[in-house]
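Here are my notes for you on this one. Have it open beside you while you read, and take the points one at a time.

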Amino acid sequence: MLTDYVPILILSLLAGGFAATNVIATLITGPYRPTREKLSPYESGMTEIQPPKQRFPVKFYVIAMLFLLFDIEGVSFYPWAIILKALRFPGFIEMLIFLAFLAVGYIFIWKKGALDW
Amino acid sequence: MSAWIDIIVESVIKSIVVILFLLAGFGYITLWERQILGRLQTRYGPIRVGPLGLFQPLADGLKLLLKEQISPRNVKLGIYLSAPALSLFVALMAFAIIPVGPPIYLFGKWRDLALANVNIGLLYLLAILSLGVYGIVLGAWSSANRYSLLGGLRSGAQMISYELALGLALLAVVLLAGTLSPMGIVEAQHRPGMTWFVFLQPIGFFLLVVGGFAETNRAPFDLVEAEQELIGGYFTEYGGMRWGLFMMAEYMNMMTVSALVATLFLGGWVGIGTGIIWNVTTAPWRQLIGVAWFLLKMGLFIFFYIWVRATLPRIRYDQLMEFGWKILLPLAVVNLLLTALFVSLS
């Protein structure tokens, strides 16, 4: 039923409006007396020499990629979980085969050291 | 036509109630947390502003609004300003599918005490919770600050890693209940031969608790804002109400996770005096007992959150990631398989 989602639409409008109002309020309320030092990035009291490079360890990329893979597997379990009672034991065996494939990949990335930090 | 007006009016009222509930909850959980932490460290915590310190959240909010708001020189202003709003928006949306009580008979119609009673409720919740990482990462990246960037990267990796185990833990509950609707899961826990899922799914409960703590960046997984190493993490460059919005989002997410635990594992709104079959009576007071039970269960879990913060030290980042990927994920899969075996044979 599509009408079930009407409350979510309305909540999203109200919540978005509330969040935006809060941020706009921060632009209006309070004093504003900027100085050069006040507007410099926080560096534990040091003067910043150069802005941070937007580069970071490749591990974070790897984790994000692995997350995508496993999360999609996780989502594909959901329809199966709802109808498992109807599928009975063969449904369980089928998912076991699927998981075996997944486990090969998991063991591979573990052995490759992608999970070591 | 009048049916549409009815739906819209009901939704607007419920939305406003949800937003106000989360806001009030945020204010008073911060107060409660500081008082409990104080007591656990043999001091008082805030008790001076108003009776028992009850006006403290108002004073805090006013202070945050009246502070000077500075945006450092190098920030990307559009993203920098929208990141806290995005965090708050996501936190407000997540509560939508939680049933706080049984359906109630008002103005000639049975009305759910959940904002939206959708049949894919849990999937919706997971989708919204995983959006939470955007506000944090965007805020961190747009701040153009080393500490922010590191904190944002860490939190991004942490939240997505624990989401896997969290998703699989919820899946075991879905298997037992056979539905994704939170209302249906509450009912399923009270069918004959069933009991609260915390007893049937102890591993799933553990996974949800750990995953929920990591997902909301709370102690002992609050590496995102590890003060000793990262100053404030992703909100280093935020101040005043903009910082307040990130905090608001964090506490609202705590409330959502607590509500989720109460719904999925602790039997939802059902308790002594409510009964399970609700539509025999049209007297609303029985439904209100249900709401009280729900709030009690939720409050107990929030207390548990605070208690853990006062007790456990923060864990190291490499331990965090290895725990998530090498222990929680296999544990979640094993739990899922055992549950599936049980369900498919019964």
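**Notes on the two chains**

1. Let's start where the chains meet: the contact takes 69 residues from chain B and 54 residues from chain A. Two residues are in contact here if their C-beta atoms, placed from the backbone, lie within 7 Å. Bear in mind that this is a predicted model, where local features need pLDDT of at least 70, side-chain atom pairs count only at pLDDT 80 or more, and totals for chains, interfaces and linings use all residues. Residues are numbered from 1 along each chain as its sequence is written, while chains are lettered from A and ligands numbered from 1 in the order in which they are written.

2. On the side of chain B that touches chain A, the elements giving two or more residues are α1 (2-40), α2 (56-66), α3 (77-94), α5 (146-177), α10 (240-264) and α12 (317-345) of chain B. Helices (H or I, at least four residues) are DSSP runs, numbered from the N terminus. α5(B) gives the most to that side, with 14 residues. Sorted by class, this side of chain B has 45 nonpolar, 13 polar and eleven charged residues. Nonpolar covers Ala, Val, Leu, Ile, Met, Phe, Trp, Tyr, Cys and Pro; charged covers Asp, Glu, Lys and Arg; the others, Gly among them, are polar.

3. Now look at α5(B) beside α12(B): they pack at an angle of about 15°, with their axes 9 Å apart. Axes are lines fitted to C-alpha atoms, for helices over the stretch in contact, and angles run from 0 to 180 degrees between N-to-C directions. So α5(B) is roughly parallel to α12(B) (angles under 35 degrees count as roughly parallel, over 145 as roughly antiparallel). Their contact has 21 nonpolar, five polar and one charged residues.

4. Next, α3(B) packs with helix α4 (residues 121-142) of chain B at an angle of about 160°, with their axes 8 Å apart. That makes α3(B) roughly antiparallel to α4(B). This contact has 15 nonpolar, five polar and no charged residues. Among the residues of α3(B) that take part are Ile79(B) and Val90(B).

5. Most residues other than glycine have a negative phi. Phi of Arg88(A), though, is near 60°, and Arg88(A) is found in helix α2 (residues 58-112) of chain A. Phi of Leu52(B) is near 55°, and Leu52(B) is in the loop between α1 and α2 of chain B.

Notes:
Angles under 35 degrees count as roughly parallel, over 145 as roughly antiparallel, 65 to 115 as roughly perpendicular and the rest as oblique.
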